[in-house]
Amino acid sequence: IRETEPVHYDEQTHLWNLYRYEDVVYALSHPAIFSSDTNSIVPQQPEINFMSKGDITQMDPPRHRQFRSLISQAFTPRVVEQMAPRITALTNQLLDAVTVRSEMDIIRDIAAPLPIIVIAELLGVPSEDRERFKRWSNTLIASASSIDPTDEKMIASMIPTMREMHEYLQNYVHDRRQQPREDLISRLTTAQIEGQMLDDDEIVGFASLLLLAGNITTTILIGNALLCLTDHPEAIATLRADMSLLPSAIEEVLRFRSPFTLTARVTASDITLHGVTIPARQLVNVWLLSANHDERQFPDPEHFDIRREPNRHQAFGHGIHFCIGAPLARLEGKIVLQALLERFPTLKRVPNIELEPHESSFVTGVRSLPV
Ligand code: HEM
């Protein structure tokens with residue numbers, strides 16, 4: 001389809017799709033044409049309005065720029081690097097708990113708990129509540145099985161979980177307004193955008209986004225890294241022989257099995273690409289995974305090559321919405337992979353097990369991965 005119909009209209013879903021690397025980059029680089037405010041065409045659900053108020057992924061400039069400058073300080077590479085000792089300690093704790101057995105589940109034992117604990121500590125909510133956070137993410141991911149964000153049935157199935165999240169986080173926002181601590185929620189309660197404080201819904205909406213975006217995607221990245229490496233024994237041997245290839249191996253996992261399959265935009269005006277005009281106010285799926293396998297950009301794209309250079313993949317998006325958590329996700333991926341390779345010199349997949357993918361079209365990953 002990248003070759004024959006790169007700008008594709010799906011008659012059934014009434015959605016447009018962009019599949020080529022150059023078009024994906026173009027859409028993400030032109031927010032005035034490809035708006036992120038998908039809420040503008042999704043039926044409004046007053047119950048979950050709090051989500052959209054603090055959801056930076058759906059903001060356009062100038063609001064996006066203001067909000068992003070406020071929160072990006074918590075995620076600079078320098079701030080994230082300071083989290084390395086804590087992430088290493090947590091990784092060791094989680095792995096210590098499983099090394100007594102000869103078999104472990106990468107997802108259950110390390111990839112799922114680690115990012116949740118890290119995000120919980122960053123926000124300042126108790127990491128002991130992580131089963132609850134996991135349930136929320138899993139419910140929302142399972143509900144998001146439809147590719148159509150205007151699907152009212154899908155939205156309705158998400159409301160109870162969103163309400164529960166809202167109530168939970170709002171209590172912490174109230175508490176931190178009274179008694180600030182050294183955490184992100186406290187900082188957001190005093191932060192200002194052009195003299196204006198953030199209201200409760202904005203803080204709760206942003207915290208919910210982090211709890212969701214910051215954990216399931218990183219879980220999937222770690223799982224996908226193990227999938228890619230165990231599928232390619234020659235790559236794992238190369239990596240063991242030269243661990244300095246770890247960062248480029250993670251970039252190749254992000255390209256080859258991109259955790260986030262696609263992101264959505266709404267056309268603010270008519271736009272013509274490859275002779276096809278997408279009218280204004282249409283929902284467009286921007287396929288990151290397809291861009292990352294585009295043979296026009298990546299020679300031999302179906303080859304998993306941990307030395308690939310250059311590797312300008314789109315797994316974290318591009319332009320003004322480029323993933324704020326990218327340095328953190330990369331760091332967690334690096335620490336976990338290093339620990340696993342060092343601890344388990346003969347790490348292999350348990351054979352003859354059918355792997356179960358997540359049902360959602362938005363993510364590419366498996367629910368469990370026994371090794
Ligand atoms: C944005 C992917 C981890 C927080 C994005 C976008 C992508 C993405 C593709 C852009 C969406 C768009 O343009 O519509 C990923 C992947 C991750 C990951 C693949 C893991 C491997 C994280 C983590 C955090 C995070 C760990 C937070 C701790 C965010 C936020 C945005 C974002 C706040 C919105 C930025 C904006 O709109 O300006 N992510 N993400 N992500 N991500 Fe991530």
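User: To begin, where is Gly 275 found?

Analyst: Gly 275 sits in the loop between strand S7 (271–273) and strand S8 (276–278). Helices (H or I, at least four residues) and strands (E, at least two) are DSSP runs, numbered from the N terminus. The model is predicted, so local features need pLDDT of at least 70 and side-chain atom pairs count only at pLDDT 80 or more, while totals for chains, interfaces and linings use all residues. Residues are numbered from 1 along each chain as its sequence is written, and side-chain values use heavy atoms, with hydrogens and water left out.

User: Why is Gly 275 called exposed?

Analyst: Buried means under 20% relative accessible area, exposed over 50%, and partly exposed in between (1.4 Å probe, protein chains only). Gly 275 has a relative accessible area of 70%, so Gly 275 is exposed.

User: Why is Gln 314 called buried, and with which residues is Gln 314 in contact?

Analyst: The relative accessible area of Gln 314 is 3%, so Gln 314 is buried. Contact means heavy atoms within 4.5 Å. Leaving aside neighbours within four places in sequence, Gln 314 is in contact with Tyr 21, Val 24, Val 25, Leu 28, Leu 288, Ala 291 and Asn 292.

User: Why does Ile 56 count as buried, and what surrounds Ile 56?

Analyst: Ile 56 has 6% relative accessibility and therefore counts as buried. Its contacts, apart from neighbours within four places in sequence, include His 64, Arg 68, Phe 206 and His 321.

User: How do you know which residues surround the ligand?

Analyst: A residue is near a molecule if one of its heavy atoms lies within 4 Å of that molecule. By this criterion 28 residues surround the ligand, and the closest are His 64, Arg 68, Thr 263, His 321 and Cys 323. A polar contact is a pair of N or O atoms within 3.5 Å. An oxygen atom of the ligand is 2.7 Å from an N or O atom in the side chain of His 64, and a polar side-chain atom of His 321 lies 2.6 Å from an oxygen atom of the ligand. A polar side-chain atom of Arg 265 is 2.8 Å from a ligand oxygen atom.

User: What makes Cys 323 a donor to the iron atom?

Analyst: Donors are N, O and S atoms within 2.8 Å of the metal (3.2 Å for Na, K and Ca); water is not among the atoms, so sites may look incomplete. The SG atom of Cys 323 is 2.3 Å from the iron atom of the ligand, and Cys 323 is the single donor from the protein. Cys 323 lies in the loop between helix H15 (288–291) and H16.

Notes. A polar contact is a pair of N or O atoms within 3.5 Å; within protein, one must be able to donate a hydrogen and the other to accept it, and residues adjacent in sequence count only if both atoms are side-chain atoms.
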